[in-house]
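Hi,

Here's the structure I said I'd pass on.

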Amino acid sequence: MVAALASDSFAIGSSPSVSSREDADEELPAASPLSPCCAGLHARLRGWWPVFWSLIFLGSLAEGLVALNTLDLAVAYFSGGTDPCASGPSHDKRACDEAVARAKEVHTLVDIIKSVSGVLLSPVVGVLCDVYGRKPFIIFYEVTVLIYVLSLGAVFWLGAPVYWIYAAKVVDGLVNSSLVFQLWLIDSLPEQQRAAFMAIVYVLCDFEWVVVPVLGGLASRAVLAALALACGIIVVVLAACLPESLPRGERLRGPGPLLRDGRSHQAGRAFSLRAITRLFRSPASRLVVFLYVSATARSSAIQYAFLKLRLGIDYKAYSQITLPSTVANWLAQLCLLGVLQRILGLRGLCAAGFACALAGDVAYFTVLSKEWAALAGVLLNLAAVAKPAVAALFLSIPAPHERGHMQGAVTSVLSVWGTVQSAGYNALFAVFATRGPEVLTGLPFLTDGMLYFISIIALACTRHTCLVHPSGELELPRPAGDEGMTEESLVDAEGPEPTRLSI
């Protein structure tokens with residue numbers, strides 16, 4: 001398996017590659033400068049980063065505020081308009097249990113529908129982003145956020161059925177927010193800055209889990225609904241103002257690397273499965289997809305249950321254990337990532353993250369105390385530097401007009417993988433927790449550790465590392481005789497094979 005991942009030529013296309021260990025170990029050349037077109041685009045978008053960060057944070061906050069109120073509203077709706085669980089210790093336990101069970105059933109069904117639609121639609125959205133640009137789908141996503149918060153207002157203020165919220169949640173999942181935001185980010189930055197900025201995206205998306213509970217404890221439901229509505233309106237306005245990151249001249253057109261039948265590209269033909277799967281035929285793409293899978297491993301699905309079984313903790317103790325790891329996650333992504341990237345490059349940054357995760361999983365499997373669990377959590381969360389590095393590396397492989405294809409396809413792959421892995425890990429934990437031996441309840445941690453170990457070996461065995469410079473910048477190899485070509489002319493070249501991008 002490692003040999004297959006770390007093959008001798010990681011390339012898209014078939015231009016000349018390094019053929020010996022001596023060639024691979026030569027001093028790296030300086031990265032090719034950005035073309036005037038790319039440099040101008042990056043300069044034009046530089047002042048829009050506050051708007052971009054506000055879109056991500058306020059959109060996540062609005063969704064979190066709706067989710068915070070949904071269960072209470074659903075329980076009250078299924079109980080005839082009054083929440084039977086809200087009267088303290090003297091509440092009607094039977095009525096409360098029945099209403100909560102009903103709400104969870106509907107919630108689970110909606111989550112399944114949302115997940116399936118996301119898996120099916122992500123490749124389509126990715127293709128359309130390559131054809132029509134990123135901005136239309138950022139606007140569409142923010143409009144679905146507004147619909148979601150409007151449904152909360154309709155249920156809370158107008159007495160509409162709670163099913164309005166559930167229906168709006170399905171609509172909110174039609175466009176994967178991380179897909180369109182990552183495409184805009186990658187288009188707008190030079191290669192050496194992408195991993196660090198990707199880390200900020202992940203931190204902002206996670207920050208809602210800190211802000212929403214605090215707001216929930218301080219404000220009434222009416223205030224929360226009004227705040228969610230304000231966020232929904234603001235993000236739609238900001239999305240309309242955000243400039244396009246993929247210029248019209250760089251959008252998918254033919255004949256090109258994806259569609260080579262000699263005819264002009266038509267938008268409808270972009271939905272060809274071959275156009276997407278062709279991007280995953282190269283060893284480079286397959287390697288980075290495997291790294292992506294490793295970086296999104298899901299042993300956290302059983303973390304609380306595992307510690308509760310092993311150490312007998314409650315949710316308060318678990319919160320104390322996870323607080324240092326949350327802080328470590330943010331520090332790693334906001335403070336350490338940029339420094340480590342300059343020292344190690346993207347490949348070394350991925351390997352360092354996987355090594356921390358491997359150590360954390362082994363520590364979890366052998367956990368003996370709360371302090372030990374806290375240390376293991378810190379190690380696992382220091383591994384957060386790997387995910388933005390892998391994402392940046394992954395989206396740097398294709399040309400700009402192919403990134404939507406690739407990101408859409410991998411979003412579907414990761415969604416399926418995450419669902420299967422979480423279900424499998426929970427099933428394994430349940431089997432060994434009830435039938436024994438208890439030590440095997442930690443098997444998911446070892447499974448994730450195996451993924452990290454294979455990833456480290458694959459990265460170490462990769463011979464062709466010429467594109468990863470110490471600065472983290474990606475070198476675009478130029479075929480002999482093409483020294484005067486710009487980056488865009490290489491991307492748009494209509495030769496028999498697309499431009500190679502080695503890793």
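Let's start with a charged pair: Glu-105 and Arg-102 form a salt bridge, with their closest N and O atoms 3.9 Å apart. (A salt bridge here is a side-chain nitrogen of Lys or Arg within 4 Å of a carboxyl oxygen of Asp or Glu.) Both residues sit in helix H5 (residues 93-132), three residues apart, or about one turn of the helix. An α-helix has 3.6 residues a turn, so residues three or four places apart point the same way. The structure holds seven salt bridges.

A quick word on the basis: this is a predicted model, where local features need pLDDT of at least 70 and side-chain atom pairs count only at pLDDT 80 or more, while totals for chains, interfaces and linings use all residues. Residues are numbered from 1 along each chain as its sequence is written, and side-chain values use heavy atoms, leaving out hydrogens and water.

Next, a helix pair. The axes of H12 (residues 283-295) and H17 (residues 403-435) come within 11 Å and cross at roughly 40°. (Axes are lines fitted to C-alpha atoms, for helices over the stretch in contact, and angles run from 0 to 180 degrees between N-to-C directions; helices are DSSP runs of H or I with at least four residues, numbered from the N terminus.) Ser-285, Val-289, Tyr-292 and Val-293 of H12 make the contact with Met-406, Gln-407, Val-410, Leu-414 and Trp-417 of H17, contact meaning heavy atoms within 4.5 Å.

Finally, H6 (residues 135-158) is followed by Gly-159, whose phi is positive, near 75°.

Cheers

Notes: Helix = DSSP H or I, 4+ residues; strand = E, 2+ residues; numbered from the N terminus.
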